[in-house]
Amino acid sequence: MKILKLKTGEGKVNIEVKIDSIEPERAFNKFGRDLRVANASVSDESGTMKMTLWNDEIDKVSAGCKVKITNGFINEFQGEKQLTAGKFGKLEVVGKEDSIVKEET
């Protein structure tokens, strides 16, 4: 499956994407539970989109990681499609782009 073909409301999404960047996480309390959320920008060869990272998922990934989403879901927030592993999906890191060397520093 490719980013370009994903549609809002689509479930059972299986896709591999690269994490391009991650925004700072936000913490909040919902129904007495402390939760953390962060948005990431992800891409594949067909395009880019936002991905929502929840709680432990935030700690697993960093910019440059390749991740595989199994049984994910596409929702929409503020008019923008977003990929999430959701309650029933799974996020796993399948590689890092070690070939990218930071030459700016």
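**Entry 1: a buried charge.** I was working with a predicted model. I looked up aspartate 44 and found that it is buried yet has no salt bridge. Which side chain of opposite charge is nearest to aspartate 44? I found lysine 2, at 5.0 Å.

**Entry 2: what aspartate 44 does touch.** Next I checked for polar partners. The side chains of aspartate 44 and serine 46 are joined by a polar contact of 2.7 Å. I also noted a polar atom of the aspartate 44 side chain 2.9 Å from the backbone nitrogen of isoleucine 3. Then I left aside the neighbours within four places in sequence and listed the contacts of aspartate 44: Met1, Lys2, Ile3, Ile15 and Glu16. For its place in the fold, I wrote down that aspartate 44 belongs to strand 3, residues 33–44.

**Entry 3: on to strand 6.** I moved along to strand 6, which covers residues 80–84. In which sense does strand 6 pair with strand 4? The pairing with strand 4 (residues 47–54) is parallel, over three bridges. Here I saw lysine 50 opposite glutamine 82 of strand 6.

**Entry 4: the other partner.** Strand 6 also pairs with strand 5 (residues 65–77), in the antiparallel sense and over five bridges. I picked out phenylalanine 73, whose bridge partner in strand 6 is threonine 84. Last, I looked at the hairpin of strand 5 and strand 6: two residues lie between the strands, and glutamine 78 takes a positive phi near 50°.

Technical notes
Residues numbered from 1 in each chain as written. Predicted model: local features only at pLDDT ≥ 70, side-chain atom pairs only at ≥ 80, totals over all residues. Heavy atoms only, no water. Helix = DSSP H or I, 4+ residues; strand = E, 2+ residues; numbered from the N terminus. Buried < 20%, exposed > 50% of the residue type's maximum accessible area, 1.4 Å probe, protein only. Lys, Arg positive; Asp, Glu negative; His and termini not counted. Salt bridge = Lys/Arg side-chain N within 4 Å of Asp/Glu carboxyl O. Polar contact = N/O pair within 3.5 Å; in protein donor to acceptor, adjacent residues only side chain to side chain. Contact = heavy atoms within 4.5 Å. Pairing = 2+ DSSP bridges.
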